[in-house]
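Please open the structure in a viewer and keep the selection panel at hand.

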Number of protein chains: 2
Amino acid sequence: MTKLYLGEDLLASGFIEGLCQKFTGKKVVIAETLLQKLYGMDLARRIKAERVTLPQGEAAKTFASLQGVLNTLFSLGCDRDTLLIALGGGATLDLVGFVASIYLRGVATIFLPTTLLAMVDASIGGKNGIDTAFGKNLVGTLYSPEAIVVDKAFLKTLPCKEKLMGLMEVLKLALVWDRDLWELCKGETHLWIERAIQGKIEIVEKDPTEKGLRRILNFGHTVGHALEKITDYRLAHGEAVALGCLAESYLSFYLGILPAPVLNEIVQRYTAYDFKLPREATLKALKEAMRYDKKQTLGKTRVVVIEDIGKVLSCEGNFCLEIEDEVLEAMWQWMEENYGRHEGEPFSGAARRGVDTSL
Amino acid sequence: MTKLYLGEDLLASGFIEGLCQKFTGKKVVIAETLLQKLYGMDLARRIKAERVTLPQGEAAKTFASLQGVLNTLFSLGCDRDTLLIALGGGATLDLVGFVASIYLRGVATIFLPTTLLAMVDASIGGKNGIDTAFGKNLVGTLYSPEAIVVDKAFLKTLPCKEKLMGLMEVLKLALVWDRDLWELCKGETHLWIERAIQGKIEIVEKDPTEKGLRRILNFGHTVGHALEKITDYRLAHGEAVALGCLAESYLSFYLGILPAPVLNEIVQRYTAYDFKLPREATLKALKEAMRYDKKQTLGKTRVVVIEDIGKVLSCEGNFCLEIEDEVLEAMWQWMEENYGRHEGEPFSGAARRGVDTSL
């Protein structure tokens with residue numbers, strides 16, 4: 001069972017040293033270049049760990065990077081008692097989680113998420129993976145870390161855009177699970193971060209292998225993942241998920257399940273961020289990009305449908321619905337009308353312009 | 001839970017078609033070139049499956065091969081409902097098991113072992129993996145197939161050496177678990193194959209994640225794996241395990257745990273096969289090769305120790321013992337004296353000379 005520790009200055013205060021003491025084997029701090037410099041080197045010195053440095057961002061999640069990290073661990077003589085400490089954002093946690101699950105058929109790992117998105121989402125639930133030419137996270141496992149250490153001190157220095165991207169994943173969670181969280185996260189991060197983490201943990205514990213309930217976390221992601229793919233991942237995940245939540249909220253309305261006033265409330269909430277569809281996004285590109293969605297089976301597109309803010313349509317425990325092309329087309333038309341980009345507009349809205357969203 | 005089917009002509013009789021019917025998704029038969037020609041093409045036609053062809057033997061278990069198979073499955077449009085049918089020996093099952101466990105975070109697989117070794121050993125227990133420059137099976141997962149179909153018809157055309165290699169794994173199982181099996185497997189294969197499979201299943205079910213009891217299956221493998229590695233895997237696995245069982249039986253005797261008459265009985269049993277140590281095997285090479293053994297922790301060598309045929313020393317539930325260099329050296333001296341190779345002798349004994357061992 002994964003242990004969750006949430007607090008302020010857990011890295012600086014010596015809490016990590018205490019946590020690592022019960023692991024008697026070799027320790028390895030894995031992080032990308034900048035985080036190694038800022039925190040990794042000092043941490044590794046304090047807990048007498050080796051260090052492995054990853055490339056920045058999604059570049060860490062390639063086959064070549066995976067093979068490189070595995071070989072480095074063998075070179076270091078890491079055995080089954082080894083503890084891998086993943087320090088970073090979602091990409092780092094995804095790669096290290098996968099490595100931990102397959103190195104000698106499984107070694108222990110501790111996650112130290114450094115972004116809001118990783119704290120509330122990527123670190124929880126055991127999903128990991130790498131990208132292939134066919135899409136993101138297509139190869140991976142479900143594997144639980146020994147512990148997740150959420151140190152809120154990282155939020156102080158996190159760029160505004162990064163916070164906004166994390167908030168988008170929290171808004172999605174609120175839409176499918178928790179009406180109170182929807183209200184709460186209008187306030188400051190420290191008021192709702194714990195509730196958001198607990199929400200995701202509750203869902204994941206009820207359905208760890210995603211046979212039913214856990215699927216609700218994919219709300220906004222069918223369209224969101226496709227948008228990321230169309231832009232070759234220049235569109236940030238949070239922004240893609242926000243646009244996906246809008247699209248799939250409209251879809252829920254179009255199917256007659258989500259009432260119009262609630263759709264309006266949702267649309268209103270996202271207005272401040274001023275997200276726009278990426279220029280490359282056409283209906284044809286969207287359909288093509290959806291082909292390799294992990295939720296697809298037998299070529300049918302499946303989406304999660306909401307009845308209300310905080311409430312998902314159960315579909316007899318399947319928590320997703322197969323939709324026809326015609327529905328997809330209606331949804332896309334609405335998206336283009338409301339979130340289409342005019343000539344000369346910048347790539348992104350609020351996120352790029354650094355709007356302070358009072359996080 | 002994995003279902004086991006054991007019988008004659010299960011592949012030819014249409015049994016497989018029935019079994020595959022409950023899987024509604026795409027099906028893919030994965031096998032190496034020769035087996036594809038002999039059985040795979042016909043099977044794929046009958047169950048309307050795609051085919052993926054692997055290189056022969058351990059070449060299937062490289063990173064490049066893994067990546068190639070994953071990409072082929074994506075190209076074929078395989079989704080989460082896909083069923084992978086692994087047709088082959090241990091190498092094929094190891095690779096396909098690993099692929100199934102990480103493709104879209106897990107798809108279903110059915111194992112169709114075609115060698116005795118794969119039937120009694122590799123197919124059972126969920127261990128899979130690929131090789132790295134640092135050793136065999138160092139990267140992998142524990143993942144259970146939906147079903148294992150043991151078709152005894154394959155044994156009829158199996159080369160004598162292949163049968164012998166399977167028998168060596170069964171003798172090991174008998175040494176650590178089942179005195180009656182030790183006697184039984186002096187007779188023909190069909191008299192003991194089911195008992196051998198059941199024995200391994202019992203052990204694995206009591207300890208699926210190898211925290212205790214399952215470790216007894218590593219008897220003979222600490223030395224055996226090292227010997228394989230020293231010869232760059234020219235030494236067959238079964239032969240390496242046989243030599244390993246002899247070495248670790250002597251070690252059990254040297255530690256005062258296995259009585260001399262029982263050691264003699266074991267040594268007698270293996271005499272007919274006339275296995276010899278590979279020429280490259282020196283004590284130095286052995287120690288170096290053991291460094292990356294998965295059972296090693298903190299640089300100490302761990303071995304399974306037997307008290308009698310069919311009975312392992314429990315070591316308070318650890319089922320393995322850390323040994324000192326001095327013990328390893330004494331064991332090696334005995335091995336060289338009894339199984340050393342004289343100038344001009346062929347690479348291998350009975351196995352190479354094709355001695356009929358009345359299987």
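Two strands are said to pair if DSSP finds at least two bridges between them. Helices (H or I, at least four residues) and strands (E, at least two) are DSSP runs, numbered from the N terminus. This is a predicted model, in which local features need pLDDT of at least 70 and side-chain atom pairs count only at pLDDT 80 or more, while totals for chains, interfaces and linings use all residues. Residues are numbered from 1 along each chain as its sequence is written, and chains are lettered from A and ligands numbered from 1 in the order in which they are written.

**First stop: the sheet of chain B**

Select residues 27-32 and 83-88 of chain B: these are strands S2 and S4, which pair in the parallel sense over 4 bridges. Within this pair, Val29(B) has Ile85(B) in S4(B) as its bridge partner.

Now extend the selection to the whole open sheet of chain B, whose 6 strands are paired in parallel in the order S1-S8-S5-S4-S2-S3. Why is one side of S1 and of S3 in chain B left without a neighbour in the sheet? Strands S1 (3-7) and S3 (50-54) of chain B stand at the edges and each has a single partner strand, so one side of each has no neighbour there. On average, neighbouring strands of this sheet are turned by 15 degrees against each other, direction ignored. Axes are lines fitted to C-alpha atoms, for helices over the stretch in contact, and angles run from 0 to 180 degrees between N-to-C directions.

**Second stop: the two domains of chain A**

Colour residues 3-156 of chain A as domain 1 and residues 160-350 as domain 2; such bounds come from an automatic or database domain assignment. The C-alpha centres of these two domains of chain A lie 27 Å apart. In chain A, 19 residues of domain 1 are in contact (C-beta atoms, placed from the backbone, within 7 Å) with 24 residues of domain 2.

**Third stop: where the chains meet**

Finally, display both chains: 28 residues of chain A are in contact with 28 residues of chain B. On the side of chain A that touches chain B, helix H3 (63-75), helix H4 (90-102) and S7 of chain A each give two or more residues. Which element provides the largest share of this side of chain A? That element is H3(A), with 5 residues.

Notes. Contact = placed C-beta atoms within 7 Å.
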